[in-house]
Amino acid sequence: MSTIIAPRGTRDILPCESYKWSYVINTAAETMNDFGFNEIFIPLFEHTELFARGVGETSDIVEKEMYTFTDRGGRSITLRPEATAGVMRSALENNLCAQGNFAKLWSYGPMFRYERPQKGRYRQFYQIDAECLGIQGAEADIEIIDLSIELFKRLGLKNLEIVLNSVGCEKCRPVYREKLVNYFKQHESELCETCLNRLDRNPLRILDCKKEQCGKISDNAPDIYDSLCDECKDHFKNLRDGLERLGFTYKINKRLVRGLDYYTKTAFEILSGDLGAQNAVCGGGRYDNLAEAAGGSHLPGVGFACGLDRVIIVMEEQGCNFGEIPAPKIYVVARDDEARANSQIITHKLRANKIAAVNDISGRSFKAQMKAANNCKYICFVNAAGELELKNISDGVQKNLSLDEIIECLKK
Ligand code: ATP
Ligand code: MG
């Protein structure tokens, strides 16, 4: 029988790596807390319809990337490809924004998309997600972008670029859409097949086609900015002014779009120069019409999703700090076989006092225990009579102490 390996596009985060992930998630939790965002846990799977409506039938995700299956009860279920739709569903279902309240929520966890695996692109990948629901004004967009940048700063990331755009709203976008279709129709013969398909269904998405030929045509396409209504123009100006007040520089990219009707106004991405083709570490924007698309009442929102896998790749490439590799503080060494039971009792008592302690549970010799104790700060020798000796590895000082004295000493 052949050995079973992990499915394509998935990977194991082994102990030699997992501490980096914990470091990033802990840093995110602290940053979110400092910004007044509360953590939310949502299901890893939802009714397929939520994503069909909440991500959009014409998006790449829904068209070709979802893990969808029928469960034993005959329901169509999808592993979540992103978090926003689920957070919105939860906010509506649990009335988190009733009576004009707003909610600032964050979460993290795995997302699932059937994509071609490559560096920075996996089928199970991880996102940190922040959503601000119930606020219409640009202050919320500013806070969301500020939050993402503060997180990256605390992680020590360098060479980041904020890219901004406005995609308008249901009032002004139809006008822009028409201008765009007229323009692209003149270049129909030069567009790739996918973009030709998008021409009727979702012309805005042609703008972010990565093919060189389509890119050239898009570069000369009408600028959405000229079609924005006053409200969207004001919002975009308020956003830019606010970012400038906070000292941020940004680039405007008119080809940065979210092609679906419920994405409104702000679209942004944070790019890293150190990532190659998969260069976005974070993507976000405003989605004032998503709640209605998901069957709820009007609830504006703005948020971001940060790709954890890519953040960690960039941090590794930039030599960022991941904190200390976790190691027990003290190793309890049994002087001989008769002392083994005591080493387990002492370790048990140290742990009960919240001291990170280990002892050998695999029958190793004294010499092998000493070798294993290498990465600890202290060694506690125990003999068959239960007598203890504490050695501080950094200065080599060794003392006979009682267990209480050792606990006191290590708690310092
Ligand atoms: P891309 O253009 O790279 O496919 P996207 O527009 O599909 O990105 P979003 O849906 O905005 O990405 O997700 C936000 C972030 O999640 C991205 O900026 C990226 O860092 C990360 N991400 C998206 N898809 C993957 C994936 N398959 N593997 C790893 N990270 C991903
Ligand atoms: Mg994608």
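A salt bridge here is a side-chain nitrogen of Lys or Arg within 4 Å of a carboxyl oxygen of Asp or Glu. Arg-123 sits in the loop between strand 5 (103–112) and strand 6 (124–133). Helices (H or I, at least four residues) and strands (E, at least two) are DSSP runs, numbered from the N terminus. Leaving aside neighbours within four places in sequence, the contacts of Arg-123 (heavy atoms within 4.5 Å) include Arg-8, Tyr-67, Phe-112 and Glu-115.

The model is predicted: local features need pLDDT of at least 70, side-chain atom pairs count only at pLDDT 80 or more, and totals for chains, interfaces and linings use all residues. Side-chain values use heavy atoms, without hydrogens and water.

Helix 7 spans residues 193–201. Cys-195, Arg-198 and Leu-199 are buried there. These residues lie on the same side of helix 7, because they cover an arc of only 120° around the axis. The arc is that of the directions from the helix axis to the C-beta atoms. Glu-193 and Asp-200 are exposed on the other side. The cover over the buried residues includes helix 3 (60–65), helix 6 (173–186) and helix 8 (212–219).

Salt bridges number 28 in the structure. One of them joins Arg-205 to Asp-60, with the closest N and O atoms 2.9 Å apart. Arg-205 lies in the loop between helix 7 and helix 8 and Asp-60 in helix 3, so this pair ties together parts 145 residues apart in sequence. Arg-205 counts as buried at 10% relative accessibility. Asp-60, at 25%, counts as partly exposed.

Arg-201 forms a salt bridge with Glu-63, and the closest N and O atoms are 2.5 Å apart. This pair links helix 7 to helix 3 across 138 residues. Arg-201 is partly exposed at 43% relative accessibility, and Glu-63 is partly exposed at 40%.

Lys-171 and Glu-231 also meet in a salt bridge (2.9 Å, N to O). Lys-171 lies in the loop between strand 7 (160–166) and helix 6, and Glu-231 in helix 9 (residues 230–245), so parts 60 residues apart in sequence are tied together. Salt bridges that share partners join Asp-60, Lys-64, Arg-198 and Arg-205 into one network.

Note on methods. Residues are numbered from 1 along each chain as its sequence is written. Chains are lettered from A and ligands numbered from 1 in the order in which they are written. Buried means under 20% relative accessible area, exposed over 50%, partly exposed in between (1.4 Å probe, protein chains only).
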